[in-house]
Structure formats: C-alpha cells, structure tokens
Amino acid sequence: MSEQAAAVTVDHVTHRFGSVVALDDVSLAFREGEFVTMLGPSGCGKTTLLRIVAGFERPTKGRVLLGDTDITRVLPHRRPLNMVFQRPTLFPHLDVADNVAFGLRVAKVERAERDRRVAEALRLVRLEGYGKRRADELSGGQMQRIALARALVNRPRVLLLDEPLSALDLKIRLEMEVELRRIHRESGATFVYVTHDQREALALSDRVVVFNEGRVDQVGAPDEIYHSPASPFAARFVGDANVLPVQVTRVDAGEAEVAIGGQKLVVQARGDGARVGPAWLVVRAEVVRLAEGGSLRGIVRDGAFRGTGFTYQLEVAGIGEPFKAEVTSEGQAVLLPLGSEIGLHWHPSACVLLAREEDG
Amino acid sequence: MTVRSRGALAITIAALLFLYVPLAVVVLFSFHETGSLSLPFTGFSLRWYRFVLSDPGFRSALENSLFVAAWTSVITLLLGTLASFGLARTRSRLRGPLALLFFLPITLPGLFIGLSMLVFFVRVNIDLSLTTVIIAHCVYVFPYFLLIAIAALERLDPALEEAAADLGANGWLRFWRVTMPQIWPLLVGATCLAFALSFDEFVITFFVIGPDGTLPLYIWSQLRRTVDPSINVVSTLLMTVTLVLWLVAFLFALRAARRKAASGDDLVAEVVPL
C-alpha cells in the first residue's frame, strides 16, 4: 500500500456471528502516525473490525499484525494498543487521577514517573487540576477526554476510538473534533477511528475507509472520497450526492455524452462508468446552479434556508428520487417559490460517472 | 404515592398495629420487673436480662448460633460468589438449568429441606451435630445470597472490564481492581443476610441438629418448660441481632446503589427483598 511502515495490518479478515457475516475478507493497512477513519452505516462491520484489532473478538479467519508481529491470538491485555469506547467507561470507584493511572499501575510504573505522566496526560486533554474529581462529577465531554487521557498515558503505538463523540451534544462534538486533531498531532500515535458520521470522518482523517456490509468499499483521502467516490454507495453515504441513472451514448476526447430523462448532457469522461452503456452520474448537491435556461429542468418541491444559502429538492423528469441542490445566497438572494420550474446547471468536470449494471 | 382516603389510612394503621404490637409486647415484657407476662405492666427492670445472660444454657445456645451463622455465611460468601460469577458470565446452555437448580431450595418448605437433609445424613452415616446444621443452613441460605450476587454482577457494565483489559489488566487484576470494588458492598450485605437467616432459622435446624442447641431451639425448649420473661429477653435479643444485620445489609445495598446512581439504576428496589 505504501512505503511507509504499517502500524497495524488487517490481513484477509473474515468474521461471522453465527450465520451473519460481519466482515467479509477485509484487508487494510494503517500507517504509522496517521489518523484513519473507518466510516459506514451501523452494522457495516467497522466496530467489529476495531474490536478484532483490540483483541475483544477473535476473527473467524485472517490475521492481525502489529508492525511485523502477528497478534491475532494475543489476549487484549497483552496488546500494546489502547481503546476509547463509545460510552465513557471510567471506573466509578476511582477518581480521575486514579482512572488515568490505571494502566501505569498495572504496568508497575514507579510512583514519581506515574504522577508525572498522569499530569502530562491531563494537560494533553486540557483537564489539569481535575485529578481529585470523581468520574460522575464530570460532563460527558470531560469524561471522554479523561478516557482519552487514560488511554494515551500508556503511550500506545495505536489508539483505537470507537465512535467516541457519538454520545455528545453537537456543540461539544465540534469542540472535541478540534481537540482530537490537536491531540493526534501532539501524541504522534496512530489513530484508528470508527464513526458513522461522514462529516466527522472527512473533518478528522488523513484517510477514510468506507465500509459497506462487511466489505471495504473505498479507501482514500477525504477529498478523494468526496470528489471521486468509487461506488454509488460511497457517493450517497459521503456528502449526500445525487446519483442518477444515465445512459452514456458517446465517449470521445475526454468528454461523455449522457442521456438523462430524455435530455442529453455533455460531461467530463471521469470514473469507471465513462464508457458507452448504462452508468451512474454522480452530482454533488453543492455544484448545482439553478438558473433559467438549460436542457435539464426541474420543478421546486421543497426549499429551505440554511444560513449560508438554500437547499432544494427538485422533481426532474425521468429521475425517480428528488434531485438535491444546495446554492449559496451569493448566487441567489431569495428562496425560489415552490412549483416553479428552473434549469439545473453544473460544470462538466464537477461530476463522476460510475459503472452500472443494466437493470434487469 | 399519597394516601388519599381516610379508610385506606385507617386500614394501613390497623395492619401496622396488628404486625408490630405483638412484637412490641414481647420487647416490653422482657423488661418487666415481675415474672408476669400479662398486663398490667408494673415496672421496668433488667433482672430477666441478667438472669438470661447468666444462664449457661442460653450462653451455649448463643455460642452455637453464632458459630453456625458465622460458618454458614463464610461458606455461602465463598461458594455463592463463585457460583454467581459462573452463572453471570457463562455462555453455556447449562446456564438456565443450573440457575434453576441453584434457586430451587428457595421454593421448598423448610420442613421438606430439614426432613430430606435428615434422611440424607442418616443414610450416609453422618452424625448429627452443628456441622450438619451448617451444611443444611448453607443449602437454605445459598439461593438468597446468589440472588443478590447475580443481580449485582449483571448490573456491572461489561465494558468496564473490557476497558481494564485494554489497559493491560489480566483476569485476576480485573477482578480485584475493577469488579470487586464495585460489588463488595452488595456481597457484604448479602453475607449479613445469610448470617441473619441462619441465626434465627428454626425448622431445618430442628431436624438436623444433634445434642446441641441454637438460640431458636433454646426459646422453643424454654417455652415448653417455663413461661416467664426470660423467653421475651431471648426473643428480643434474637430479634435485635437479626434486625441490625438486615439494617447493615440494607445500608450496604444503598451504598452500592448510590455508587451506581450516576448511571441511573435503582438497585435497592431490585435486590433488597424488603
């Protein structure tokens, strides 16, 4: 995958719960020091893979490597990696400092060193001075920061994070994202993060792994996933794009002519669907411009003010689902009235063609 | 809940009187200065307490009761804790049937347990003694202990043990550093209950005891001989010990509940069968 050293390698891992296949032959490599996010809807296998890396589940098939060492059969407490759970799992009978010191105590780190590292970890999560508090005196965001400190104090090579922000309020979640990026930079550890929130994945990660039904759908940098989705699933799940069934009628000189709802459009021939035949045309809602004229037209069925602009749902002939468009208030000052007809425009290079099986 | 009607209030008061007046009378007459057990109450005195406490029969009965209750509660604590861990953690199919077998004695009448234990001891040629009483009491008390211990364990967040494992703690450390600190108040409470149940047990003891006597048996034998306030004294002492133990059990359960309060569980209501 890369010349950089892999911190963790997941090698052909398959996992079944009874007859349910949670992971189907997944192979991945997480690089040293990177922030990689496994993204997918609930039940797609991303948490199962994290638990396999942590050692809480043993894969039905396949191997997990830490550096060059096979750790598939190593028990969780012998693995030099740490995890932050979805709920803050602080020990209720210990105060904050003792919670953070737990791993160091188990590792028999001597007292002076322990105190120093606990203070350092609390400073890293910006909760210095909270050592004597009880866990239940903290807010949800503070608890998750302590859980982070408790994991990072052990200086793990790899930190696993299982939707650590999902139980928090939106405002605190946004603050914690900034904190997580900073903590990742300062700790230098490899962060393997699991989330179902595509916005979080794009905002945090160096690389995103899109999961769908136990398989890896796409791996790439956030902007790559966003601008060049490899599948209709990735296109729909990341950034909520319009995925339109089209017929490519002609491809030449880097341009493709597509038929959509009885209209012909010319787009850039980009993506694996850029050959004559059926394809999916992926158009991000925010690249769409609504203006008079144009061959592709829609009827406004819903419009909402979003602060920076408007979002619309339009009915387009020949397309089953509503067409989504996000326009900035710069381009358009007032909300279009419901029922009005308007032309849909986008730059020919702002869309991707994906391969589509002919519907039987 | 608020009591709205006067009728309901009257019935409640009547029921409480019906429950507690006989107990109060027993306690009151244990302090009577004469040997009479009926009204009028002529004056307070501790003479019957002095009388009972200096009675060698009472002393040996008390010692026996403490001996039996102490061993019963220690054995129950050890076996019960092991069994509760096994039952709460196993994924085996035998879990259901095993739990049923463990809890069954709770549904059996004491008479039945006593009789069957007696038949058993006689068959396998074990002489009846305080040891057989301890064995029988363990059988009787075990399910009560188990009920509380399992409730405590099942309320534990399994993610806490995973977090501890993730931080490098092996099974032994997880048990002592994470599980025990959370459940010990309830285990202590359950042990107090085991002690109390054993301390005032009569029916089963009656069958499987040999030449010795425990406090409940002492009261029973005194009743047949004399009727004076010394019985009230023994009963009052027995009641006090039991009451204090229940109170201690309750306080420990409350403590455990308060620790758990952050996660919003009402533990006391479920595990203290009051």
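Two strands are taken as paired if DSSP finds at least two bridges between them; helices (H or I, at least four residues) and strands (E, at least two) are DSSP runs, numbered from the N terminus. The model is predicted: local features need pLDDT of at least 70, side-chain atom pairs count only at pLDDT 80 or more, and totals for chains, interfaces and linings use all residues. Residues are numbered from 1 along each chain as its sequence is written, with chains lettered from A and ligands numbered from 1 in the order in which they are written.

**Figure 1. Overview of chain A.** Chain A contains eight helices and 20 strands. Its C-alpha atoms fill a box of roughly 75 × 45 × 40 Å along the principal axes. Of the 360 residues in chain A, 40% are buried; a residue is buried if 20 or more other C-beta atoms lie within 10 Å of its own, exposed if 12 or fewer, and partly exposed in between, with C-beta atoms placed from the backbone. Two residues are in contact if their C-beta atoms, placed from the backbone, lie within 7 Å. Among the contacts in chain A between residues at least 6 apart in sequence, 67% join residues at least 24 apart.

**Figure 2. The open sheet S2-S1-S4-S5 of chain A.** Four strands of chain A form this open sheet in the order S2-S1-S4-S5, with antiparallel pairing. Strand S2 (20–31) and strand S5 (69–70) of chain A stand at the edges with a single partner strand each, so one side of each is left without a neighbour in the sheet. Strand S1 (residues 6–17) and strand S4 (residues 61–66) of chain A run antiparallel and are joined by five bridges. A:Val10 has A:Val64 in S4(A) as its bridge partner. Helix H1 (residues 46–54) of chain A packs on the sheet, where it touches S1, S2 and S4 of chain A, and its direction makes about 120° with that of S1(A). Axes are lines fitted to C-alpha atoms, for helices over the stretch in contact, and angles run from 0 to 180 degrees between N-to-C directions.

**Figure 3. Helix H1 of chain A.** Nine of the nine residues of H1(A) are buried, so the helix is largely enclosed by the rest of the structure. The buried residues of H1(A) include A:Lys46 and A:Arg51, together with A:Leu49, A:Leu50, A:Ile52 and A:Val53. A:Gly55 follows H1(A) and has a positive phi, near 100°.

**Figure 4. Strand S3 of chain A and its parallel partners.** Strand S3 (residues 35–39) of chain A is mostly covered, with five of its five residues buried. A:Phe35, A:Thr37 and A:Leu39 point one way from S3(A), whereas A:Val36 and A:Met38 point the other way. S3(A) runs parallel to strand S8 (residues 190–195) of chain A, to which five bridges join it; A:Phe35 stands opposite A:Phe191 in S8(A). Four bridges join S3(A) to strand S9 (residues 207–212) of chain A, again in parallel, and A:Val36 has A:Arg207 in S9(A) as its bridge partner.

Figure 5. Strand S11 (residues 241–252) and strand S12 (residues 255–260) of chain A pair in the antiparallel sense over five bridges, and A:Val251 stands opposite A:Ala256 in S12(A). The hairpin of S11(A) and S12(A) has two residues between the strands, and A:Ala253 takes a positive phi near 50° there. S12(A) is joined to strand S13 (residues 263–268) of chain A by six bridges, the two running antiparallel. A:Ile260 stands opposite A:Gln263 in S13(A). This hairpin, of S12(A) and S13(A), likewise has two residues between the strands, and A:Gly261 takes a positive phi near 55°.

**Figure 6. Packing of helices H3 and H6 in chain B.** Helix H3 (residues 56–89) and helix H6 (residues 130–154) of chain B pack at an angle of about 40°, with their axes 6 Å apart. H3(B) and H6(B) are therefore oblique to each other; angles under 35 degrees count as roughly parallel, over 145 as roughly antiparallel, 65 to 115 as roughly perpendicular and the rest as oblique. The residues of this contact of H3(B) with H6(B) divide into 20 nonpolar, seven polar and one charged. Here Ala, Val, Leu, Ile, Met, Phe, Trp, Tyr, Cys and Pro count as nonpolar, Asp, Glu, Lys and Arg as charged, and the others, Gly among them, as polar.

**Figure 7. The contact between chains A and B.** In this view, 17 residues of chain B are in contact with 19 residues of chain A. Helix H7 (158–166) and helix H8 (171–199) of chain B are the elements that give two or more residues to the side of chain B that touches chain A. H7(B) gives the most to this side, with six residues.
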